[in-house]
Amino acid sequence: MRFFSRKLIKPEDLNAHGTLFGGTVISWIDEEAAIYVLCQLGKGNIVTKFMSEINFVHSAKLGEVIEIGMETVKFGRTSITVKCLVRNKFSKETIISIDKIVFVHLDEFGKPTPHNIVEPVNED
């Protein structure tokens, strides 16, 4: 699992209970996963197709720093599957885990098209 981005939990990221709002962190995950996949494929034009069960393990509070990690699970013909772990930067306590996020590579008409990648183009 590689951790590329960090977020500081700010007041606007909180829910009514005073902890990190799930919708906010899911948005961050989707963006981070898309960037990760774009780098893995070395090309654009992808869309999120599927996200498996989202396991909310622990909450995050105001002022905490979280980090979002991604790992490639599988390359399909037109897709790439990654998994995600969000954790507290300092305690390493898991906040969210998602086993499967699937992205599909599209052609200029919005139709799935082979990406012809079988291993990551860019690991960094």
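## Helix 1

Helix 1 comprises 20 residues, 22-41, and at 1.5 Å a residue it should span 28 Å; the C-alpha atoms at its ends are 28 Å apart, which agrees. The expected span is taken as 1.5 Å times one less than the number of residues. Helices (H or I, at least four residues) and strands (E, at least two) are DSSP runs, numbered from the N terminus. The model is predicted: local features need pLDDT of at least 70, side-chain atom pairs count only at pLDDT 80 or more, and totals for chains, interfaces and linings use all residues. Residues are numbered from 1 along each chain as its sequence is written, and side-chain values use heavy atoms, with hydrogens and water left out.

The buried residues of helix 1 are T24, V25, I26, W28, I29, E32, A33, A34, Y36, V37, Q40 and L41. Here buried means under 20% relative accessible area, exposed means over 50%, and partly exposed lies in between (1.4 Å probe, protein chains only). The cover over these buried residues includes strand 1 (2-8), strand 2 (46-51), strand 3 (54-56), strand 4 (65-75), strand 5 (79-88) and strand 6 (94-105). After helix 1 comes G42, with a positive phi near 70 degrees.

## The nonpolar core

In soluble globular proteins, nonpolar side chains tend to be buried together. A nonpolar core is defined as a set of buried Ala, Val, Leu, Ile, Met, Phe, Trp, Tyr and Cys residues joined through side-chain atoms within 4.5 Å. The largest such core has 26 residues, of which V25, I29, I66, V86 and F103 touch the most other members. Helix 1, strand 4, strand 5 and strand 6 each supply at least two residues of this core, and helix 1 contributes its largest share, nine residues.

Neighbours within four places in sequence left aside, V86 is in contact with V25, I29, I66, E67, I68, E93, T94, I95 and I96.

V102 belongs to strand 6 and counts as buried because its relative accessible area is 13%. Residues up to four places away in sequence not counted, V102 touches V47, T48, K49, F50, S79, I80 and T81. Between V102 and K43 there are 59 residues of sequence separation and 16 Å in space, C-alpha to C-alpha.

D107 lies in the segment after strand 6. With residues up to four places away in sequence not counted, D107 touches N45 and T113. D107 and F56 are 51 residues apart in sequence, and their C-alpha atoms are 34 Å apart in space.

## Aromatic rings

A pair of aromatic rings is described by the distance of the centres and the angle of the planes. Rings of Phe, Tyr and Trp (its six-membered ring) pair if their centres lie within 6.5 Å; planes under 30 degrees apart count as stacked, over 60 as edge-to-face and the rest as tilted. A search of the whole structure finds one aromatic pair. This pair, F4 and Y36, is tilted, at 6.0 Å centre to centre and 45 degrees between the planes. The pair links distant parts of the chain, with F4 in strand 1 and Y36 in helix 1, 32 residues apart. F4 counts as partly exposed at 39% relative accessibility, whereas Y36 is buried at 7%.

The charged end of R87 sits over the ring of F3, 3.7 Å from the ring centre. This description requires NZ of Lys or CZ of Arg within 6 Å of the ring centre and within 35 degrees of the ring normal.

## Cysteines

A disulfide is counted where two cysteine sulfur atoms lie within 2.5 Å, and by this rule the count comes to zero. C39 is in no disulfide, and the nearest cysteine sulfur, in C84, is 15 Å away. That separation is too far for a bond. C39 counts as partly exposed at 28% relative accessibility, while C84 counts as buried at 3%.

## Positive phi values

Most residues other than glycine have a negative phi. K92, in the loop between strand 5 and strand 6, has a positive phi near 65 degrees. K92 is partly exposed, with a relative accessible area of 40%.

N116 is found in the segment after strand 6, and its phi is also positive, near 60 degrees. N116 is exposed, with a relative accessible area of 68%.

How values were computed: Contact means heavy atoms within 4.5 Å.
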